[in-house]
Structures are given as C-alpha cells and as structure tokens.
Amino acid sequence: MADSEKKSARFVYADNAATTQVSPKVLEAMLPYFKDKYGNPSSLYSLSREAAEAVEDARAKIAELLGARPNEIYFTASGSEADNWAVKGAARANMAKGRHIVTSKIEHHAVLHTCKALEKEGFEVTYLDVDSDGLVDPEEFREALRSDTILATVMYANNEIGTVQPISELAAIARERKIPFFTDAVQAVGNLPVDVKELGVDMLALSGHKINAPKGIGALYIKNGTRIKSLIDGGGQERGRRAGTENVPYIVGLARALEIAVARIPELERVRMMRDRLIDGILSTIPHSRLNGSREKRLPGNVNIAFEFIEGESLVLLLDSAGIAASTGSACSTASLEPSHVLLAIGLPHEKAHGSLRLSISHETTEEDVDYILEKLPPIVERLRAMSPLYEDFLRGKQVHST
Ligand SMILES: *Cc1c(COP(=O)(O)O)cnc(C)c1O
C-alpha cells in the first residue's frame, strides 16, 4: 500500500491529467521485451529482428488508430519531446520562408517555452488570447496568419481546464494559407476520437503516460511531405529523423495502451456523467465557487473549479490527508507557485487563479469515488475559509453593506 493510501479509509485518484497508472495489459505486453526479446532493432540476427518487428507492428497499429500511414509515426521519449520537435523542427526547416509563428496563450509549457526559446533564435511569435471558456477564436486565428507565418500550433485539449479547441476548423484555415499546423493532442488522445485526416493537421503529439502506458514514451505524427528538421542527431533510427536506440518495450506498451484507450472511448459517456455530477455537486454546495473552462467543449474527465478566498495548494494538501489525490492545475505551476498561465488567460484575477482545484477522473473512477469527493470537499473548503483573512474581510464587508 502506498503512503497516501494508509492515511485514510479510502483512496481516490483524481489526477489522471497529470499521469495514469500503467495498465496490467500494457505491462504484460511489454514484459517480453525486457526479458527474452531484448535485441537491438538495428542488429542483423533473428533476436533483433523480433525487436524490429515489434517496433514496426506498434507503429502500424498506432498509425491505423490515428488514421495515419505507418511511415508518418515517429517515436519520442515524451510528449514534451514531441512538442519540442514539432515546433522547433518545423520552424527551423522553414526559416527561409519566414520567421513568424502563431500559437495560443494556454498551450502546455512544452510548446510555450519552446516558442520562447525560438524567440531568442530570432523567431517572432503571436500568442493568441482565448475567451473566458479558454477557446481560440477562429477569426482571430485567421487574422493572425501573415505572409511570413511558417507554423501555427494550437493544442487540441487543455490539460488544466479541459477546454477542447475547434482543431479541424483552425487547421483548415492554416491549410488555405499553406501554413503547417501542429496540435498537441496529449490530453485528447484516448479521451476524444482523434483522426489526423479528419482533423486535417500536419503534425500531432501524444504521450504514453496519460493513457496508461509508462512515463517516458511519446509519439509525433508527421504528415508525409511536411518540412521538419531533426531535434536529435545520431544513428539512423526512425528513418534518420530521430536518433537513439528504440525503446522497444515502451513502444510496444504505447501501441497496446492506445489500442485499449481508443476502444474505450464510447464508454467515456459514464465518465462524462460523473464529471457533471461532480461539477454540479460542488457548485451547488460550495458558495463563491465557479467552473473554469467550457461547460460543453470539455474533456470527459476534467473538473476545474475556482474557490474564492483560499489557496489551491492548501486545498490539495488537505484533500490528500482525506485520501484524495488532486491538483491545482499543472504540475509545473505547482512547483513554481506562480499562478497558472491558463487561468490568467481566461481572465481570472491572481487571487482566484490561486484558489483553483483540478480533479481529473477516468474510466477507473467509480460513483462511490464521486460521492466521497462530494462528501469531503465542502467541509475542507469551509475549514480553509474559516482560517482565511480574505474571507474574514469579505464577511465584514458584507456586514457593512447589509446594515
Ligand atoms: C502531459 C502533457 C505534455 C507533456 O507530456 P510528457 O510525456 O509528460 O512530456 C504535453 N502536453 C500536454 C497537453 C500534456 O498534458
């Protein structure tokens, strides 16, 4: 039993947007490639051929599940690497045509910080605003595209507030102008149907550990004909575009996990209903709370609520002692204690951005888990508010107004 499980009668994992547990079926598929089938796919003997075949089978499977061709799928060591590669690789390959990039203010740091790094290399980046739901306006997107724009990148679904962008519409606008379009689909894959042809994107990133494969494996779809420079030079793996001996067991695990996740998408209606029960239950029992992100255009498992007068970090710690694993938003903003760039972009003032909580549930969440969260959360919020000088000021102010 893990530490967190010992402290309370129940343990509810509600942080699936941060990471997921490796599923037993995925682990089972991987194990032979740690044990007997350990060959280097690049070697010539039969042991290695087995490993090479496993990699190619995984590539073909992933391609089929995403509506791509096998030679359009490249394995990386993470979602972050796939994001870096798509953005830096496409920018550097198209430098002769222009140096302007269009993205949004609510991208994952793997895209945002990559854009910042490119600014230091002489690229110019437009960071599009989003509306109060976190949506990019297609017309604003269209207007931001210029004759020297060489890349547009907007994430499919946001990891903090769960907002799902109109990707096919944005990609079509970019295509009219012959501008390559990349989407970080790390949160969308396994939660929404993802078909690269239907979406009309040129590049798409995914990550294993968000869909019950291990941490440390990702993939990038690169449509044939897309100009992109390599990020990692060395051996000739991945058709000479991404060096490094293939992580055979993890690649096998990624394909198996994606297969399971895609087959499960129809079942996510149940998760969507639990999500709505959580949102409605929290908003109706806890005063001065509001939903962050779009009510309708939302990932099936994402709940993100701003509670006035309290700190999200304290809330997460008290929930932990009640056996509930949740988050304030992104792992990165948790470490830096900076208010989340996503919450600021949807217009929350600093103090409200600080008081936000993300619960990300999954197919493994039960109705009892939802009941448990709805039972534990309100008294914890009340307890924190009782200690909050902001809340005291607010109550005093209300008294003054009402007399
Ligand atoms: C988790 C995540 C990433 C990073 O993936 P890693 O495999 O953890 O590097 C990128 N983008 C989004 C939207 C994510 O949720």
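This is a predicted model: local features need pLDDT of at least 70, side-chain atom pairs count only at pLDDT 80 or more; totals for chains, interfaces and linings use all residues.

Trainee: Which hand does the crossing of α3 with α10 have, left-handed or right-handed?

Mentor: The crossing in which α3 passes α10 is left-handed. On the α3 side the contact is made by Ala-51, Ala-54, Val-55, Ala-58, Lys-61, Ile-62, Leu-65 and Leu-66, while α10 contributes Val-248, Ile-251, Val-252, Leu-254, Ala-255, Leu-258, Glu-259 and Val-262. Sorted by class, this contact has 14 nonpolar and two charged residues, with no polar ones.

Trainee: How are α12 and α16 oriented to each other?

Mentor: Helix α12 (residues 312–321) packs with helix α16 (residues 367–386) at an angle of about 135 degrees, their axes being 10 Å apart. Since only angles over 145 degrees count as roughly antiparallel, and 65 to 115 as roughly perpendicular, α12 and α16 are therefore oblique to each other. Here α12 passes α16 in a right-handed crossing, and the contact is made by Ser-314, Leu-315, Leu-318 and Leu-319 of α12 together with Leu-377, Ile-380, Val-381, Arg-383 and Leu-384 of α16. By class, the contact of α12 with α16 has seven nonpolar residues, one polar and one charged.

Trainee: What does the side chain of Gln-237 reach?

Mentor: The side chain of Gln-237 reaches the backbone nitrogen of Gly-244 at 3.1 Å. Leaving aside neighbours within four places in sequence, Gln-237 is in contact with Ser-42, Arg-242, Ala-243, Gly-244, Thr-245 and Glu-246.

Trainee: Where is Lys-35 found, and does Lys-35 count as buried or exposed?

Mentor: Lys-35 is found in the loop between α2 (24–30) and α3. Exposed means over 50% relative accessible area, so Lys-35, at 55%, counts as exposed.

Trainee: How far apart are Lys-35 and Pro-249, in sequence and in space?

Mentor: Lys-35 and Pro-249 are separated by 214 residues in sequence, whereas in space they are 9.7 Å apart, taken from C-alpha to C-alpha.

Terms used. Residues are numbered from 1 along each chain as its sequence is written. Side-chain values use heavy atoms; hydrogens and water are left out. A crossing is left-handed if the near helix is turned anticlockwise from the far one by less than a right angle, and right-handed if clockwise. Helices (H or I, at least four residues) and strands (E, at least two) are DSSP runs, numbered from the N terminus. Contact means heavy atoms within 4.5 Å. Ala, Val, Leu, Ile, Met, Phe, Trp, Tyr, Cys and Pro count as nonpolar, Asp, Glu, Lys and Arg as charged, and the others, Gly among them, as polar. A polar contact is a pair of N or O atoms within 3.5 Å; within protein, one must be able to donate a hydrogen and the other to accept it, and residues adjacent in sequence count only if both atoms are side-chain atoms. Axes are lines fitted to C-alpha atoms, for helices over the stretch in contact, and angles run from 0 to 180 degrees between N-to-C directions. Angles under 35 degrees count as roughly parallel, over 145 as roughly antiparallel, 65 to 115 as roughly perpendicular and the rest as oblique. Buried means under 20% relative accessible area, exposed over 50%, partly exposed in between (1.4 Å probe, protein chains only).
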